[in-house]
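Hi,

Here's the structure I promised to pass on. Have a look at it first, then read on for what turned up.

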Amino acid sequence: MGRYSAFAIAKQAFSHHKGWDRAWPSPEPKPEYDVVIVGAGGHGLATAYYLAKNHGVRKVAVIEKGWLGGGNTGRNTTIIRSNYLQPSSMAIFEKARSLYEDLSQEFNYNIMFSPRGVLMLAQTEHELRAWKRTYHANRIAGIESEMVTPRQIKEIVPIINLSGPRYPVLGGLWQPRGGTARHDAVAWGYARGAAEMGVDIIQQCEVTGVDRDAEGVTGVQTTKGAIRTKKLCIVVAGNSGVMAERAGFRLPVESVALQALVSEPIKPAMDCVVMANTVHGYMSQSDKGEMVIGGGADGFNNYTQRGSFHHIEETLRALVETFPMISRLKMLRQWGGVVDMTGDRSPIIGTTPVPGVFINCGWGTGGFKAIPGSGWATAEMVAKGTPGDLAAPFSLDRFTEGRMIDESVAAAVAH
Ligand code: FAD
Ligand code: PYC
C-alpha cells in the first residue's frame, strides 16, 4: 500500500486520482489462521494490529459480520479521557490516551486526534467531592487533570449557563489533554495498518458457531465456511453474550442501546468537550460545525441500534439548561449503538472457561477512548496466552471472586 503524502496527492492528480491503491484488501478467508478475531470494531482491529506489530503474529483473521467500524466504533461521540478513579482503569485508559497522541503519524493516516480538553461538571456537592477524589487519584497516577472553579469554567466555555435552573455548576474536573478523534478514521487506520502487516480483514461474514474438542477451541463456523484456529478472540461489544453462548460459556454482561444525536452545523461555538453527568448530557462541536450530543442508555435490555425516544427529550432538556443557545438549533440525525454493560462498569479482558478462547468486552458506554490501550493489552494476552499487567485486573473471574473495579457507584459515572 502506498504512503499518503502531499507528493502522492500531486502525483495522483496527473492520473485524475485513478491510481490510488485500495485502503485495505478484501480477501476470502483462508482455511486456517493462528488467531481468529471476531469483530472488526476498534478493539478487534487494534488487537490484530498490535498482534502483528508488537508480537510478530501475522497469520490473523478479523471476521466482521457487517462492515468494519460499523458497530459502536462508528456510532460514538468520540470522547477521549483517562480521568478514571481506580488504578487499573487509569492505567489502561491513560495508556490508550497517550497512544492516541501519535497514532496519525504511526498510521500515516489522519485520525484527527484533537486534545481540546474535557470538562466534567460538578452540579451537586456529592459530585464535587467525587471529582476531587478522582482528581487526587489522577495526580497520584501521574495523569494531568485539575479542579476548576465556576469562574474558570466560564472562561473555558463561555456559552455555558452556570446558574441552573435545576443544578448550579459548582466546579469541574478538567483534563486538558483529553479530547476527541474521528471515530471511523481510528477503525480505518488500524485496519490499514493491520492489513499492511498481513492480517486478513474479512467483512460481510458472520461467525455463527465455535468448534471445540476436549482440549479447547478448534475453529469457527462462518457464513463463508469453516476456519480452523487454536486461538479465538471474541471482541463483539453488544453481541458478546450471543457470541459467548455460541462458544459455550456465559458472561455477566447486559446489552442496552445508548444513543447520540447531532445538530445542524453552526459557526465555532465551543472548543472543548463538556460532560454534565447530573442533568445527563454531553456535548462537543465537530470540525463540520455540528454539535455532537450524547444521551442516556436505555433502562431495559435490547439490541436495537436506535435507542428509545424519551431519551432525546431528556438529553435535550439537560443540554438546553446547560447551554441555552442550543434551544435554537435543529437536530439533524439521531442513532444508537448496542453497548455491553458490566455491573462495575469496567471491561472484561481475559481468558474464558474454554481453552484457547479469549474475550474483550464490557466497555459499555466508554470504550472508544480505550481502543489503543485495549488492543495493546489484548494482543499481549493472546500472543502469550495469559494477561499481562494492563489486562490482568480485568479478568472474567473477578465477578466470581468479588474483586470489582468499581467505576460505577464509587466513581459517580453517569450511565
Ligand atoms: P464495536 O465497534 O461494536 O465492534 C464489534 C463488531 O463486532 C461490530 O462491528 C459487529 O458487527 C461485530 N460482530 C458482532 N457479532 C459478530 C459475529 N457473530 N460475527 C462477526 N462479527 C460480529 N466511548 C467513549 O470512549 N467515548 C464516547 O464518547 C462514547 N460515546 C458513545 C456514544 C454512543 C451513542 C455509543 C453507542 C457508544 C459510545 N461509546 C463511547 C462506547 C464505544 O463506542 C464502545 O465502547 C466501543 O466503540 C466498542 O468498540 P468495539 O470494537 O468493542 O465494538
Ligand atoms: O466515557 O467519556 C465517556 C463517554 C462520553 C460519552 C459516552 N461515554
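Strand β13 gives the largest share of the shell around ligand 1, with three residues. Bear in mind that this is a predicted model. In total, 37 residues surround ligand 1, and the closest are Glu64, Asn72, Thr73, Thr77 and Lys369. Sorted by class, that shell has 14 nonpolar, 17 polar and six charged residues. Both domains take part: at least three shell residues come from domain 1 (6-78 + 183-251 + 344-410), and at least three from domain 2 (113-180 + 255-341).

The side chain of Glu64 has an N or O atom 2.6 Å from an oxygen atom of ligand 1. For Thr77, a side-chain N or O atom sits 2.7 Å from a ligand 1 oxygen, and for Asn76 the corresponding distance is 3.3 Å. How much of ligand 1 does the protein cover? On its own, ligand 1 has 1,000 Å² of accessible area, and the protein covers 96% of that. The elements giving two or more residues to the shell are α2 (42-55), α7 (240-247), β13 (254-265) and β17 (331-341).

One more residue to look at is Glu380, which you'll find in helix α9 (residues 371-384). Is Glu380 buried or exposed? Its relative accessibility is 19%, so Glu380 counts as buried, the cut-off being under 20%. Apart from neighbours within four places in sequence, Glu380 is in contact with His55, Gly385, Thr386 and Gly388.

Cheers

Definitions and conventions. Residues numbered from 1 in each chain as written. Chains lettered and ligands numbered in written order. Predicted model: local features only at pLDDT ≥ 70, side-chain atom pairs only at ≥ 80, totals over all residues. Heavy atoms only, no water. Helix = DSSP H or I, 4+ residues; strand = E, 2+ residues; numbered from the N terminus. Buried < 20%, exposed > 50% of the residue type's maximum accessible area, 1.4 Å probe, protein only. Contact = heavy atoms within 4.5 Å. Near = heavy atom within 4 Å. Polar contact = N/O pair within 3.5 Å; in protein donor to acceptor, adjacent residues only side chain to side chain. Areas by Shrake-Rupley, 256 points an atom, 1.4 Å probe, with all protein chains shown as cover. Nonpolar A, V, L, I, M, F, W, Y, C, P; charged D, E, K, R; others polar. Domains from an automatic or database assignment.
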